[in-house]
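Dear colleague,

Please find below the structure I am handing over to you. My notes on it follow.

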2 protein chains.
Amino acid sequence: MNLTDQQRTLIEQIGVWHENNGIQPAAARVMGLMIVSDKRELTFDEITEALSISKSATSNALNLLLRTEHLEYITFPGDRKRYFKMKISNWREAFTRKIDDLTGFNVLLRQVLEVRNRNCDESDEGLQDFISFLDYLHQELPNLLAKWEEQNKKS
Amino acid sequence: MNLTDQQRTLIEQIGVWHENNGIQPAAARVMGLMIVSDKRELTFDEITEALSISKSATSNALNLLLRTEHLEYITFPGDRKRYFKMKISNWREAFTRKIDDLTGFNVLLRQVLEVRNRNCDESDEGLQDFISFLDYLHQELPNLLAKWEEQNKKS
DNA sequence: AAGTTAGTTCTTAAAATTATGAACTAATGA
DNA sequence: TCATTAGTTCATAATTTTAAGAACTAACTT
């Protein structure tokens, strides 16, 4: 597979970043490899070998990343192998998913406001502000993406 | 401590959400309790008792949340207890921290661009787009916050 | 000086996560 | 038909994370 030391280091760093974002270690390394690799598409065995992990670890990681749509694969006629690649365009969707997660939290916060019984209502203001800001984010972030796309297209 | 069933349920839900965002279980429940509780400030013992966890679990969780500035505490003259409370205003900082985390990732992505050797340069475009969008986010998110603050002040 | 209070620390245990290797399957090829 | 390829699955092992409980400390009280 022939990775430079720089590449190996980057794979680990990107791996750690993804671990910190909740992806399991092996899958996180696969993410690192897929983005750092000179080849856009890699096979199961290339991944296993490049990362020195077991076939089962590879199998788990790949299926996880396929399910979460971090990866996809293509095939070629007369070739039984799958060629895995990053679903690059996916960062847009990942972005929206993050926003939705925030919105889910916001639902809980509204319930808090209903359920808890603070003596002084002033105490609720901070929370109301936060809720309001999350609403605002939810509303404005898609616009932000749109604005960037426009600006980026021009150049 | 007298929590309603609704409150207990919400504490768990908020706890799970925080767990999914990388906070350890006990600390995540403390976050839930602090926001759901009728009292704005709670003592060490109240927390221990309300969540039915050990003193060491409480100690760990509180120190973690103090370090990460999710919580702070106040004291009163002639009272040795600490009264823990959420650092409410802190969501603004948490927001900026999230942005910084993205920026950190972006640094790695730029390195990828330098280090990897893709045959067709077209392949780099998607990555360049992503990098560019992250830059844009980094630049615009603070403005978004500012704009919200302004709009919110008026009402 | 002896006891209380408000926590902390340490050892250990339990639980959860992750990876391994071997055995398996299903499709293809010789 | 037998072998090979491209994986998957399963039982187990290793590692990590988390919590418990008991012993401890440091400050204050009586």
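**An exposed serine in chain B**

B:S52 is exposed, its relative accessible area being 66%. Please bear in mind throughout that this is a predicted model. The residue lies in the loop that joins α3 (44–51) to α4 (55–67) of chain B. Most residues other than glycine have a negative phi.

**The corresponding loop of chain A**

In chain A, A:S52 sits in the loop between α3 (44–51) and α4. A:S52 also has a positive phi, of about 50 degrees, without being a glycine. With a relative accessibility of 65%, A:S52 counts as exposed.

Helix α4 of chain A spans residues 55–67 and contains A:T58. Is A:T58 buried or exposed? A:T58 has a relative accessible area of 0% and is therefore buried, the cut-off for buried being under 20%. Leaving aside residues up to four places away in sequence, A:T58 touches A:F44, A:I47, A:T48 and A:I53.

**Chain A as a whole**

Chain A comprises six helices and two strands. Read from the N terminus, its elements follow the order α-α-α-α-β-β-α-α.

The radius of gyration of chain A is 21 Å, whereas a compact globule of 155 residues would have one near 15 Å. Along the principal axes, the C-alpha atoms of chain A fill a box of roughly 70 × 40 × 30 Å.

Of the 155 residues in chain A, 41% are buried. Among the contacts in chain A with a separation of 6 or more, 47% are between residues 24 or more positions apart. The accessible surface of this chain is about 8700 Å², and carbon and sulfur atoms account for 48% of that area.

Chain B has an open sheet of three strands, in the order β1-β3-β2 and with antiparallel pairing. Its edge strands are β1 (42–43) and β2 (71–76), each of which pairs on one side only. In general, the strands of a sheet pair through backbone hydrogen bonds.

Two bridges link β1(B) to β3 of chain B (residues 79–86) in the antiparallel sense. Which residue of β3(B) stands opposite B:T43? That residue is B:Y83.

With kind regards

Notes. Residues are numbered from 1 along each chain as its sequence is written. Chains are lettered from A and ligands numbered from 1 in the order in which they are written. This is a predicted model: local features need pLDDT of at least 70, side-chain atom pairs count only at pLDDT 80 or more; totals for chains, interfaces and linings use all residues. Side-chain values use heavy atoms; hydrogens and water are left out. Helices (H or I, at least four residues) and strands (E, at least two) are DSSP runs, numbered from the N terminus. The radius of gyration is taken over C-alpha atoms; the globule rule is 2.2 Å times the number of residues to the power 0.38. Buried means under 20% relative accessible area, exposed over 50%, partly exposed in between (1.4 Å probe, protein chains only). Contact means heavy atoms within 4.5 Å. Accessible areas come from the Shrake-Rupley method with a 1.4 Å probe; for residues, only the protein chains shown count as cover. Two strands pair if DSSP finds at least two bridges between them.
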